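This report looks at how two parts of a chain meet and at the setting of a few individual residues. The sequence and the structure come first.

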Amino acid sequence: MSTQFVNQAAWQTGANVKPLSVGPGPDQNNPASDEVIIKVEYVAINPSEWKFQDFNYIPVQFPHVLGSDVAGTIVKIGDGVTRLKEGDRVIGHCLGLSFGGAKHGGFQHYTTCREVVVAKVPDSIPLSHAVVLPLGLSTSIVGLFEILKLDLPTLGGEKKARTVVIWGGSSSMGSTAIQLAVAAGYDVVSTASPRNSGYVKALGAQDTFDHTDSEVVSNILKKLDGRTVAGVYDCIGEEATTKACAAILSQVGGGSLATVLWPPSDLPANVQASMVFATNPGLVADHPGVKVWRDFVESALETGKLLPKPEPKVLTGGLAVVQDALDLQKKGVSAQKVVVQL
Ligand SMILES: NC(=O)c1ccc[n+]([C@@H]2O[C@H](COP(=O)([O-])OP(=O)(O)OC[C@H]3O[C@@H](n4cnc5c(N)ncnc54)[C@H](OP(=O)(O)O)[C@@H]3O)[C@@H](O)[C@H]2O)c1
């Protein structure tokens, strides 16, 4: 008889309820043919989780298990899974808010992930660091390769002589977006606070501009003079940042603007803004992101082409401290990702 996994979860018991309640978790013993079960060692915290607690922005069945980012070890695979096996150290993007409900949430000792959004982690990278990546990867993939239709990243990163503007390079989503755009061969111009300028350049951005400077849009436009702009990606998604990105894009000829939150409607006519749906790589057949998750992530981590950034701030204490971690992320982070060791 096969092992039965005994699961515990940090439950969201109802709309707008805080704190999370720790108790017996969903049954995690029967993956579908395209799923894997992961024994979770670390979870990372994202703004979407405390925003869900505060605003209940998507209908789900309660009790629910939140959480998008996990790192751990595969303990069971579905019968159609061939590229992963039991015992693999992996990261996974949990899709629970959009697909599969509580069983597919991250804040539990065992979770179920669709195999297309799971990647192996080389032994050289601690899972406490790798866990910062999954949602950042899927979000960047949708912004850059689905909406902006850029070329996919490669290990060679052949240069394109085209520039991508990534607003919010020190954010979690921006950190991954810069790395994927650079690996796809584009020059990247980004924004960050002056204290994070070195961090953003180390990720591969050619230049970074202070987002608190009132001249930031014109400073970026001066930098773009004479260049071909392949796309603009707003990784912050506030009204002011999307309008700043739209102003830049409009001045360089217009086109597609990707943004992580709903764009305002009053943007220049030559700008077509689209919001990222980060779960698409896990849910849409033949999504460009499947190739990135499957063919790029593991080898890019191995070769240092993809770094597990931003740096984790690791809380110990297991499921009992996930609510503290959500509250900490809500207070604000800077070039850092809150992580919990389960
Ligand atoms: N649509 C989707 O599917 C999806 C998926 C994931 C995330 N999101 C959304 O994406 C947003 C970013 O998430 P995250 O986890 O990356 O955030 P985060 O890491 O918590 O963001 C913090 C960072 O944002 C930077 N920042 C704040 N205001 C800025 C501004 N006006 N201009 C430029 N940078 C600014 C800060 O930079 P400095 O410290 O350098 O000032 C800081 O490093 C959130 O709103 C989240 O809900 C959407």
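How much area is buried between domain 1 and domain 2, and what share of that area do carbon and sulfur atoms give?

## Basis of the values

The structure is a predicted model, in which local features need pLDDT of at least 70 and side-chain atom pairs count only at pLDDT 80 or more, while totals for chains, interfaces and linings use all residues. Residues are numbered from 1 along each chain as its sequence is written, and side-chain values use heavy atoms, with hydrogens and water left out.

The domain assignment gives domain 1 as 8–133 + 308–341 and domain 2 as 137–275, the bounds coming from an automatic or database domain assignment. Contact between them (heavy atoms within 4.5 Å) takes 12 residues from domain 1 and 13 residues from domain 2. The C-alpha centres of the two domains lie 28 Å apart.

The area buried between domain 1 and domain 2 is about 870 Å², and carbon and sulfur atoms give 49% of it; buried area here is the accessible area (1.4 Å probe) that two parts lose on being put together, summed over both. Of the area that domain 1 buries against domain 2, Leu133, Lys309 and Ala335 supply 48%, more than any other three residues.

Threonine 259 is placed in strand S12 and is buried, since its relative accessible area is 0%; buried means under 20%, exposed over 50%, and partly exposed in between (1.4 Å probe, protein chains only). The side chains of threonine 259 and aspartate 234 are joined by a polar contact of 3.5 Å. Beyond neighbours within four places in sequence, the contacts of threonine 259 include Tyr233, Gly237 and Ser274.

Alanine 269 lies in the loop between strand S12 (255–259) and strand S13 (271–275), and counts as exposed because its relative accessibility is 80%.

How values were computed
Helix = DSSP H or I, 4+ residues; strand = E, 2+ residues; numbered from the N terminus. Polar contact = N/O pair within 3.5 Å; in protein donor to acceptor, adjacent residues only side chain to side chain.
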